[in-house]
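Take a walk through this structure, from the overall fold down to individual side chains. Keep the sequence at hand as you read.

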Amino acid sequence: MSVHDELTAIQRCLDDLSRSVSRLEQRVGGGSLEIRRVRTDADHLRESVALLREATTAPTAQQRSDLVTISDTPYDFSLWTDSDDEGLGARDRRAP
């Protein structure tokens with residue numbers, strides 16, 4: 001099965017779960033803490049599957065045009081001549 005098929009199967013199961021929880025709410029009553037917790041958990045599962053579906057259909061790194069390639073060539077050392085060493089301060093002064 002493909003990822004799309006698996007997600008569709010999960011969605012069908014969640015739809016069945018939602019219908020079952022609705023029927024249970026009608027029989028037991030929707031005011032109890034336990035049934036509200038089950039309803040909330042089912043809703044969270046539905047949201048999680050929706051996020052998973054978005055993540056699997058998002059464009060891959062090759063399709064995205066906002067990626068920037070960074071060269072492997074070393075930086076010019078003159079960029080760092082007046083910089084401070086982290087935690088040590090400036091080169092010509094004593095550390096705090």
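A residue counts as exposed when its relative accessible area is over 50%, and as buried when that value is under 20%; partly exposed residues fall in between. Valine 68 has a relative accessibility of 70%, so valine 68 is exposed. Keep these cut-offs in mind. The model is a predicted one.

Start with the overall layout. The chain contains 2 helices and 0 strands. Among its 96 residues, 8% count as buried. Now look at contacts with a separation of 6 or more. Residues 24 or more positions apart make up 50% of them.

Turn next to helix H2. H2 runs over residues 33-57, which gives it 25 residues. From first C-alpha to last, H2 reaches 36 Å, close to the 36 Å expected at 1.5 Å a residue. Which residues of H2 are buried? They are Ile35, Arg39, Ala42 and Val49. The buried residues of H2 pack against helix H1, which covers residues 3-28.

Arginine 39 sits in helix H2. Its relative accessible area is 17%, so arginine 39 is buried. Beyond its neighbours within four places in sequence, arginine 39 touches Ser18, Val21, Ser22 and Glu25.

Side chains of opposite charge can pair when their charged atoms come close. How many salt bridges does the structure hold? The number is 3.

Take the pair with arginine 39 to begin. Glutamate 25 forms a salt bridge with arginine 39, and their closest N and O atoms are 3.1 Å apart. This pair links distant parts of the chain: glutamate 25 belongs to helix H1 and arginine 39 to helix H2, 14 residues apart. Glutamate 25 is partly exposed, at 23% relative accessible area, whereas arginine 39 is buried, at 17%.

Another bridge joins aspartate 15 and arginine 46, with closest N and O atoms 3.0 Å apart. Aspartate 15 is in helix H1 and arginine 46 is in helix H2, so the pair ties together parts that are 31 residues apart in sequence. Aspartate 15 is partly exposed, with a relative accessible area of 27%. Arginine 46 is also partly exposed, with a value of 27%.

Aspartate 16 pairs with arginine 19, and the closest N and O atoms are 2.2 Å apart. Both residues are in helix H1, 3 residues apart, about one turn of the helix. An α-helix has 3.6 residues a turn, so residues three or four places apart point the same way. Aspartate 16 is partly exposed, with a relative accessible area of 41%. Arginine 19 is partly exposed too, at 45%.

Finally, go past the helices. Valine 68 is found in the segment after H2. Which residues make the nonpolar surface patch of about 790 Å²? Val68 is one of them, together with Ile70, Tyr75, Phe77, Leu79 and Trp80.

How values were computed: Residues numbered from 1 in each chain as written. Predicted model: local features only at pLDDT ≥ 70, side-chain atom pairs only at ≥ 80, totals over all residues. Heavy atoms only, no water. Helix = DSSP H or I, 4+ residues; strand = E, 2+ residues; numbered from the N terminus. Expected span 1.5 Å × (residues − 1). Buried < 20%, exposed > 50% of the residue type's maximum accessible area, 1.4 Å probe, protein only. Contact = heavy atoms within 4.5 Å. Salt bridge = Lys/Arg side-chain N within 4 Å of Asp/Glu carboxyl O. Patch = residues over 30% accessible without salt bridge, like charges linked within 9 Å, V, L, I, M, F, W, Y side chains within 5 Å. Areas by Shrake-Rupley, 256 points an atom, 1.4 Å probe, with all protein chains shown as cover.
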